[in-house]
Number of protein chains: 2
Amino acid sequence: MILEAAVQEGDEVVLGPILQREGEILTRSIGGEVPLLPPSNFGVVDRGIYRSGFPSEENFPFLKALNVRSIVYLCPEPYPKVNAEFVRSQGIRLFQFGIEGSRESFVTVSNRTIMEALRVLLDIRNHPILIHCKRGKHRTGCLVGCFRKLQNWCLSSMHEEYIKFASPKIRPSDMRFIEMFDVSHMMDCVLGIIYRYHGFGHQAPRLVYQKA
Amino acid sequence: MILEAAVQEGDEVVLGPILQREGEILTRSIGGEVPLLPPSNFGVVDRGIYRSGFPSEENFPFLKALNVRSIVYLCPEPYPKVNAEFVRSQGIRLFQFGIEGSRESFVTVSNRTIMEALRVLLDIRNHPILIHCKRGKHRTGCLVGCFRKLQNWCLSSMHEEYIKFASPKIRPSDMRFIEMFDVSHMMDCVLGIIYRYHGFGHQAPRLVYQKA
């Protein structure tokens with residue numbers, strides 16, 4: 001999120017920590033600012049959609065800066081107390097989809113779980129949204145892969161992205177799961193509401209959202 | 001870019017390739033759609049900012065879908081004819097910053113070049129913007145690292161991201177370059193216009209853009 005609006009040349013915009021004195025611009029020194037620590041394996045998936053490993057307390061200022069509104073949490077374990085307290089205090093909606101992480105094969109995950117998670121992900125009322133599991137590699141990688149499938153990416157690009165985040169612990173079963181996931185299932189999924197999402201970027205934000 | 005606006009439950013939105021017949025929704029079959037092929041090593045840096053390796057002709061439909069308005073090209077070689085024709089036909093602005101890629105050490109790159117590139121990158125009038133070099137690893141990785149520095153990321157997170165995209169060809173000299181890059185130089189850079197960008201996410205889009 002770079003800027004809310006274009007700034008025209010000649011505009012004077014002096015914000016927050018900036019002091020102007022005798023033609024000199026002073027800022028809080030770079031060294032004086034506390035650096036933000038993104039969660040491990042952090043990445044931007046798309047506008048308003050982020051992915052990562054499990055956020056710890058030291059990542060909370062970063063998540064605040066992201067202004068995260070919702071979290072898709074893909075582990076079956078209850079949220080740790082400190083994380084639960086953080087999401088409560090920030091008014092963040094937590095969507096938990098408990099997927100076992102210890103299994104080599106991802107085949108135990110139902111298409112239905114992924115579709116439910118995708119449904120949460122596609123709804124911009126939940127954005128900005130963070131997807132995470134424990135390491136941000138396998139469960140998160142599968143969900144993001146299926147999301148790319150909705151975006152009509154070719155398989156090799158989905159796999160390239162999966163590998164980037166899962167390395168060096170790549171699971172061929174996850175890559176098969178992404179390949180086999182049938183996005184046409186999204187046509188008759190949950191609650192009689194049909195989502196269908198194509199493309200990527202400014203030109204192609206198309207959603208079908210219709211009562212059955 | 002998921003959706004331009006929130007769709008309320010109950011809204012009926014049926015777009016593009018969707019046909020409705022006797023309560024049945026038919027779409028162009030997934031198999032019938034030509035999948036989009038992102039350039040190699042593609043990634044989303046932030047809203048409206050993308051990174052990749054060198055785009056080839058087969059990536060052009062994807063770049064069209066992204067609606068790319070500008071390209072930051074970090075190699076000294078002239079743009080190939082087919083790419084030059086593509087950017088011309090699409091009205092894409094090409095910003096070339098010729099950085100030698102064959103050198104192990106990144107020390108030959110001046111802070112000034114990176115600052116000029118950052119200046120282009122930060123200006124949302126150039127968005128959506130794609131940064132690319134040849135492989136999207138070293139030159140692109142250095143520029144994105146410096147961008148993260150402006151966003152006040154901690155060094156270990158910048159390096160984690162650099163490694164993700166440069167693996168397995170990590171260059172310690174690039175990582176040092178990112179560490180040593182002094183963002184305070186952005187305070188007295190080009191054309192008497194001062195940019196200063198903090199933070200990340202919805203809450204923190206702050207820019208100082210002021211005539212000297």
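Visitor: Before we start, what counts as buried here?
Guide: Buried means under 20% relative accessible area. Keep in mind that this is a predicted model.

Visitor: Okay, so is A:L121 buried or exposed?
Guide: A:L121 has 0% relative accessibility, so it counts as buried.

Visitor: Where does A:L121 sit?
Guide: You'll find A:L121 in helix α3 of chain A.

Visitor: And what does A:L121 touch, skipping residues up to four places away in sequence?
Guide: With those set aside, A:L121 touches A:I49, A:H127, A:I129, A:I131, A:L143 and A:F147. Two of these names, A:L143 and A:F147, come up again on α4(A), in its contact with α3(A).

Visitor: Let's look at that pair, then. At what angle do the axes of α3 and α4 of chain A cross?
Guide: Roughly 65 degrees, and the axes come within 10 Å. Helix α3 of chain A covers residues 111-122, while helix α4 covers residues 139-150. That angle is why α3(A) is roughly perpendicular to α4(A).

Visitor: Which residues make the contact?
Guide: From α3(A) there are A:I114, A:A117, A:L118, A:L121 and A:L122. The α4(A) side supplies A:L143, A:C146, A:F147 and A:L150.

Visitor: Is the crossing left-handed or right-handed?
Guide: Right-handed, as α3(A) passes α4(A).

Visitor: Switching to strands: how do β5 and β6 of chain A pair, parallel or antiparallel?
Guide: They're parallel, over four bridges, with β5 at residues 70-73 and β6 at residues 93-96 of chain A. Between them the chain runs through helix α2, residues 81-90 of chain A, in a right-handed β-α-β crossover.

Visitor: Which residue of β6(A) stands opposite A:I71?
Guide: That's A:L94. Leaving out neighbours within four places in sequence, A:L94 is in contact with A:I71, and also with A:Y73 and A:Y79.

Visitor: What's the relative accessible area of A:L94?
Guide: It's 33%, so A:L94 is partly exposed.

Visitor: One more pair: how many bridges join β3 and β4 of chain A?
Guide: Three, in the antiparallel sense, linking residues 43-46 of β3 with residues 49-52 of β4 in chain A. A:V44 has A:Y50 in β4(A) as its bridge partner.

Visitor: Which residue takes a positive phi in that hairpin?
Guide: A:G48 does, near 80 degrees. The hairpin of β3(A) and β4(A) has two residues between the strands.

How values were computed: Residues are numbered from 1 along each chain as its sequence is written. Chains are lettered from A and ligands numbered from 1 in the order in which they are written. This is a predicted model: local features need pLDDT of at least 70, side-chain atom pairs count only at pLDDT 80 or more; totals for chains, interfaces and linings use all residues. Side-chain values use heavy atoms; hydrogens and water are left out. Two strands pair if DSSP finds at least two bridges between them. A crossover is right-handed if, with the strands pointing away from the viewer, the path from the first strand over the helix to the second runs clockwise. Buried means under 20% relative accessible area, exposed over 50%, partly exposed in between (1.4 Å probe, protein chains only). Contact means heavy atoms within 4.5 Å. Axes are lines fitted to C-alpha atoms, for helices over the stretch in contact, and angles run from 0 to 180 degrees between N-to-C directions. Angles under 35 degrees count as roughly parallel, over 145 as roughly antiparallel, 65 to 115 as roughly perpendicular and the rest as oblique. A crossing is left-handed if the near helix is turned anticlockwise from the far one by less than a right angle, and right-handed if clockwise.
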